[in-house]
Each structure stands twice: as structure tokens, then as C-alpha cells.
Amino acid sequence: MAFRVTANPLLLAGTKLLSAVILLAALAGVLFPEDPFEMVGRPFLPPLSDGFLFGTDTLGRDIAAAVAHGARVSLAIGVITALISTFFGVVVGGVAGYYGGRIDMLLMRTTELFQTVPAFLLAIVVVAVLQPSIYTVISAIVIVSWAPLARLVRGEVVSLRSREFVQGCIALGMSDARILFRQILPNALPSIIVAASVAVATSILFESGLSFLGLGDPNVMSWGLMIGIGRSVIRTAWWIAGIPGIAVLITVLAINLFGDGLNEALNPRSAQRNSKG
Amino acid sequence: MRTSDEIVLDVRGLTTVFEVPNARIAAVDDVSLTVRRGETLAIVGESGSGKSVLAFSIMGLVSRPGRIVAGQILLSGRDLAALDEEALRTVRGRDLAIIFQEPSTSLNPLMTVGRQVAEAILEHEPETPYEAAMERVVERFRLVGIPAPELRVHEYPHQLSGGMRQRVMIAMALACGPALLLADEPTTALDVTVQAQVLNLIDNLKARFGMAVVLITHDLGIVADYANRVAVMYAGRKVEEGPTVTILTRPAHPYTQALLACRPDVLRALEGKPLLEIPGVVPPLDRLPAGCAFADRCSRVQDICWTRPPELTDMAPGHRAACFVAAMHIADSAAS
Amino acid sequence: MSEPRHTDAAAPSPAPVRVSPARQQWLYARRRLVQGIPTVFLIITGNFFLLHLAPGDPADVLAGEAGAATAEFMAQLRAQFGLDEPLYLQYFKYLLRTLTLDLGYSFRYGESNLTLIMDRLSATLLLMVTAVTMSILIGSVLGLIAAVRRGTVVEAMILLAAVLAYAAPTFWLGLMFIVLFAIKLNWLPTSGISTVGAGYTGLQYALDVARHLILPATTLALFYFALYARLMRASVLENLGQNYVITARAKGLAPRRIILRHVLRNAILPVVTMAGVQIGGMLGGSVIVESVFGWPGLGLLAFEALFARDLNLLLGILFLGSILVVLANLAVDLAYAIIDPRVTIR
């Protein structure tokens, strides 16, 4: 899996941007040691005001501090949900693809179902039913994002299963679990990693949407929540909603670029087919 | 039909290169050919010998990073290599046409075959009404032996068999009655039983339309049955050319001799002898040796073969080969 | 949704059995409709689970705003749902009622949930159809241009726009559109479906609705536009390398004609497939867009139900929304079958 980052401009740009966001999240506590919910200045200060780079919100909270602390939440939720979704996707897709037949049909019908139900609506209902908290938000996002991953993994497993080296293992009498985890999945790993990175971006968008509607954890400062707060004063103070949105955009953009670059580096053939013809 | 004296295609010194980073590969290198009306010229060679690029060059279908850098392609006296893309378009599909190896992918899957053939007519004869064009398509379908042509024109490629699709391709090529037909491995992708039908069809239509045919193939069996003359290509160059009988019975170039020796031979196989093969592979075109490109695979290689590329030398009237060794033999026998 | 089926291209074709194309399409539609039935059952089952997953007695959930309903209404609900009966019986009753489109009653609105949903359906359909059409049309056209103008500034600009639109959160984009086009420039209305109290009729009303539609539809379409533009570009590039394009060139067709007559139709197939897959996602996205723009559709109703904690109404919206997606997928599959003749015959 060795590849040169420098040889790939997409990956390079994505890595740089993403590093900046991660750095911001890591240093949030150092740069803005006080609680981001703390009122620290006059409300409605515009960006570039004295001491407040991004201005203040409706209650005089520092927007820059909220953006930095929000980065932690967004990245954490994005990565955690992507990991859990990928886990479910790998298990469901792996079993369906490896065993085929009825179990495959059953599992694929189930993923189809999850792809049919309007995802965001389902996420809302799940959070509403279970009461908003960071755990229910994560559960809701996992519920709506594992299905595409399962389909992808299944496709990879089906094609790998018919290859000689796997057929050889089967002939040798190796156990199913061993073949699946030692032989098939490692070979499907590049595609899974790329899909998982895209899932991080999608999860961040979902999380911000849920918090925007007031379905996030009310005790956690997040970008979506801030946009929700700024919404009612959009006529007079666009930046309260505007700046956190730019933070979401940059983060998602960074992850997407990173994912595209990773795809080119890990799956050169499919990347060429998809982006270069 | 007898071959007439009228030269339809006269290719002179054609050179097509592919410009890739750090290299300039001559896929067709200084090739000259002539084909007369009613004549079938077979171009023979292994894959990578440049025979398909040659056909694409004649059609003006070579696109980036490839381009024709030298030579003339005279079609009935008009130099196609000098035409711009716009002018070339009016000739392509009207005065010269091509059929490809893969009839299943060469047709647009979303358009009825009749329309696809009619398109060629409507493009070159815009004054023809659609109905008249379709009538001609039906007539052409009948000509190429497609049963129930009135119904078949309304079908899609996936509804036809491989052989039928290739007949559609032939009907398309013949739509405007071209002077020259290029057939690029037209039967390679077809069932053996269908191959002869398609080749016979091309042969009959050649006579009917008074065309010249360039038949590109790697199958020497086809050459024997359908070609009047044969040109053998190796690593982008024409290495031997002559009447079919001469090439198949008295080949002068060691490469041609090796090709003939390698033909899958049922008798050899029945006797349990291994099939012969030419040792080594066609050299990569960007790393050709300084001398003869075949030198390192040749069983009769001499010192001179490594020094410079051999030129085509007359072996007999109409029979030429690019080989130092063969040329020396001819010189010796002429001297004695 | 299932993949469109292709007949085996390599199979020799016997004398074709002649069935009229219209009849083939009808048979295909019916088969796909039947395939959607298990999906509907599974959605109802999922809803039933969600109802029982909620904290407290399902009757509290069903009544909407907890504590606000009258005691008689609660008792009536308990009886109707058979909450003291075994679970399988409750499930069976729930299934039966949902299948007969009895989605319950909203205490808060004083209306049956079905009536509430049906009242809002047309606005959502208008928004969805507009957004789907916009995203496919603009996405395909720009993707095509990007592929044809490969390696130029034009391609770079289109790809940049797509990458940005792909990363922007929809609701934020909507808000920024409101700031720019409605507040700063004052070109378009900020919210609603029509001007309140203007009393427009006929064409004037239609134009008024169209003006209100522009911003929400664009907001909803942008993410999908980005997706389809990238997909279309890749698809066109792949098709340009196909043998049938060489055949078309060998016929002497002009490049423009090759693109429009041959490549475009082939290249759009994956976009159509993707559009079918994405309809569910788009309907979900309309919740957020409708609530940002106060567009009185299903999404706004869901948003309102959310705040009224009217879970049963939410579940009803989820159910009918899913049915809508199943039907839309069917429509997309039919559209696909019309474009690609290889699909219907089987």
C-alpha cells in the first residue's frame, strides 16, 4: 500500500486541508480554553471585531471558539459513525457475498430497504423516538449509512470469491471465517478504506443537519447547532450561520478530496475508469 | 472478378507515430501499398505489428496521441493524408469504409440497426429522404443475407447474433457503395462456422460493387482462400509483399517463413508433434534495435542484420522482401 | 430498487416473439410493482418497532404531545391498538390498519394523519420533481461539456463547482441563498409557496409559485447536480472510448452528431440509475430544505411534527414517503427501460 503522497495532487490538497481541521480540533482547548457556551462579549459583533476573529453570536458567544470546539464534535462523530457503519457493512456485505444464495438475497433485500426509506427522515424519526443525545445521533447516522457500504463490500467479496487464490483456499479446506478475514477482506481493503473515508464526510453532513434541526446533543457545541442558532437572525447577522457552514464545507471538501486522492492511489485502475476515462 | 489495372488505394511512405511522454513510437513506419479495383490485399502480422493502426490511418481514424507524420494516402488519386478532418469526414463512410473485429461492441446498443445503417446514407446524401434511405437499408440487408430484412431493420443489436451483427456492419460499410473496403480481422470474434460465410460474402460483394478490399488478419488460412496479394508486417514495417501463392509457397523473409511454419497443423498435432512457435516476442516499438527488428528472433541472422534496417528488395516480379539474407541469396543466384 | 436486467447479449437470437413494446413495458412495470410489495411490509414492520422502541407507553407516543390528549382519547387509542393484547396481535392490527392507509389521528392538528399528509403531498411532489429534473438536466449537460472540453479551463470550472456543491451542507446553502438572493438582492421571496394575500389566479399564480420554487429547488438540486455532473463526465469519457463511437466516426458523422445522437443516450444511463438510487435521499433532504424555506410540504410537516413530538404523524410521513420512493424508483426503472431497449425483454 506504499504510494507517494506528493505524486497525487488531490491527495496532497486533501491531506493538507484535513490536517488543518484536525489541528484546529486538537488545539481547540488550548486556543479557546473557556467553555464555548460561555458568553464572552457583546452579542452580534461582526467578524474581525476586536478580539473576536469571527465575531459573536446572538448571546455574545465567541464564534471562533465554537468553530474550533465544533470541529472536535464533527470529526469525532464523523469518524466514529463511519467506523461503526463500516463494521456493519463489512459483516453484512461479507456474509452476503461469501455465502450467496438465500442469505445473500435476504441481506440484500434488507439493504435495499434501508436505501429506499428516505435516509434523513429515518434519522430524524430515530433520534426523535430515542431522545436526542450524542449516542442516539450516532445510532441514527449509522442506521442510515451502513447499507451502501454493505453493497460495496458484497460486490468486492463476490468478485474476489471467484478468484483462483480463494478457490485454492476453499479446496485446501480452510475455514470460512479464515478465508473471509485473512484472504478476501484484505484484498477488498483499498475499496473499503475509500468508501469509509467518504462515509466520514457524509456522517458529518448528517450530524450537522440533525443538530441544525435541534436534534443534536444540546450540551455539545456543534457546527449544525450554530447554524441553527444563526438562522433566526439571518437577516441582520449572516455570519452567525455563515461561518460555521463554511467550516462544514471545508471539512467535507477536505475529506472528499482525500477520499478521491486515496482512491486514485489505492485503486489506480478503477480511478482511471471513473475520473480519467 | 478479375483484378483491373485501376489503382484504388495508393499508400506511399505512410508513417504514424504515437507521442507518449518521453517517447515517440512509430506504429506504422514508412509503409507503402497499392490495391487495385477488384483486388483483395491481405495484411498479415502478429498483434502489435501495426496492421490495425495502418487501417485506422487509412480511414483517418487515428486520434491523439497518435498522428500521421509522413506519407500520402491516395484514394482514387486524392491524398487523404492532406485533407483536414471536415473534408475527410465527407470521404469516410462514402468512398472508403471499414468493418471491425468486434461486431457486438461496434454497434450502438440503443439504436435500431436499420437507423444506424441509414445514418451513413443520410450523412453523405442529405438530399435523400428518410424513407428512401430506409428502403436502401432493407435492400442492403437483403444483399448481405440478413433474413426478413424488413423486420430486422427495426431490431436492436442485442436481438441479433454475432454473425448477423457483422452482416449489419458490412451493410453499413456498403451503404454508400465505397471504392475501398477495409476489413480489420472481420471474423476473429465469430464462430468458426460463420467465419467462412462472412468472408465469402465480402468476396462476393467485392465483385458486385467493384471494390478494392484490404483484409487485415493474422490467419494465413484466410489469406490463402481470399487474398490476391499479401503484405506481411512486423514491428510497424512492411517486411514482405507478393502474390498470395508466392508468399505462401516461397516466402523470402525469415519472419514470413516462421509464420508459415507456426500455422496450427492438424497433421502435426495428430502425429503428436508439438506445434512450432517463433522464439521470443515482437520487440516493444519504443525499443527497436538499430538493425532489423526481427534480428534477435531470426534463425538466419548475420552480422549485417544488426547494423541498419534492411530495405525492400525485389525477389521476383511483384515479390519484395526486406531482408539482407534473402537479398544476398537473390544476388548469388542471379550471379551464378 | 433492483438493477435493470439485461438480456444476455451474446445469446443467439431465435426468431423473436413479437410482443408490442407498450405491452412489454406494462408487463415490466407490473413485475417491478409486485417486487415493491415486500418492501412495503418491511417498512411497516420497521415503523412498528420504532413505535415500541420509544420510551413509555406507545399510547403516549401515539397521542402526540404527551399529556395534552384527553383521557378518553388515550383510552380509545389503547383499545384501537390493542395494547393489552399480545405483541403479534398488535403487530397484525397495525399492519392491517397501515395497509388500509389508516395512519391514525393527530390530536394536535385535529385531523387524520392521512389527510394532513395528503394535503402536503403536492407541494413536496412539485419541489421534488423540479429538483430531480434540474439536477439531472444541468448535471448531465455540464458533465457532458466537462468531458468534451477535457483538459480546458471550462472542465476545471465545472469540476470545481461540482466539488464545492458536493461538500456544502444543504441547509446552510439554502440560508446563504436567502441572504444573497432574497435579502441582499431582493430578487426572490424568502419563504413560502406563494405570496400571502396577493390573491393571484391562473398564470399569475403559477408564476408566483415558480418564483417561490426557484430557491428551494436549486438548493435541493445542487448536491445531486454535483453527483450527476461527475458521474456524467466519467460516463461520457468511458463511452467516447467505446467501439461504437469509432463506428460512428467511420461512417463520417460529425463530432457533434456523434455526441448528441450516440454518446449522450448511452452515457446518461448510469445517471438515470443513480437518480433512482438517490430519490430516497432527496426526499430526506427535502425535510431540511422545506423547513429552511417554509415550503409547505411533507418535509415541513415532518419538522412541525418533530417539534410537536407527534411521533405517529412522523411515522406516517416516513411510511408514505417510503411508498413515494418505491413508486419513484418504479418510474425511474420505466424511464430506463424506455431509453435502453435491452431491459424490458425477459
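How many residues does the contact take from chain A and from chain C? The contact takes 39 residues from chain A and 47 residues from chain C, where two residues are in contact if their C-beta atoms, placed from the backbone, lie within 7 Å.

The model is predicted: local features need pLDDT of at least 70, side-chain atom pairs count only at pLDDT 80 or more, and totals for chains, interfaces and linings use all residues. Residues are numbered from 1 along each chain as its sequence is written, while chains are lettered from A and ligands numbered from 1 in the order in which they are written.

Six helices of chain A each supply at least two residues of the side that touches chain C: H3 (101-116), H4 (119-130), H7 (176-212), H8 (223-231), H9 (238-266) and H10 (268-276). Helices (H or I, at least four residues) and strands (E, at least two) are DSSP runs, numbered from the N terminus. The table gives the composition by class of the side of chain A that touches chain C.

| Class (members) | Residues of chain A |
|---|---|
| Nonpolar (Ala, Val, Leu, Ile, Met, Phe, Trp, Tyr, Cys, Pro) | 23 residues |
| Polar (the others, Gly among them) | eleven residues |

Chain A and chain B are joined by no contact, and their closest C-alpha atoms lie 14 Å apart.

**Chain A**

Chain A has ten helices and zero strands. Its C-alpha atoms fill a box of roughly 75 × 45 × 35 Å along the principal axes. Of the 277 residues in chain A, 51% are buried (20 or more other C-beta atoms within 10 Å of the residue's own, C-beta atoms being placed from the backbone). Among contacts in chain A with a separation of 6 or more, 67% involve residues 24 or more positions apart.

**The sheet of chain B**

Chain B holds an open sheet of eight strands with mixed pairing, in the order E6-E7-E8-E3-E9-E10-E12-E11; two strands pair if DSSP finds at least two bridges between them. Strands E6 (96-99) and E11 (313-316) of chain B stand at the edges with a single partner strand each, so one side of each is left without a neighbour in the sheet. Neighbouring strands of this sheet are turned by 20° against each other on average, direction ignored.

Strands E9 (residues 229-234) and E10 (residues 237-243) of chain B pair in the antiparallel sense over six bridges. Val232(B) has Glu240(B) in E10(B) as its bridge partner.

Key
A residue is buried if 20 or more other C-beta atoms lie within 10 Å of its own, exposed if 12 or fewer, and partly exposed in between; C-beta atoms are placed from the backbone. Axes are lines fitted to C-alpha atoms, for helices over the stretch in contact, and angles run from 0 to 180 degrees between N-to-C directions.
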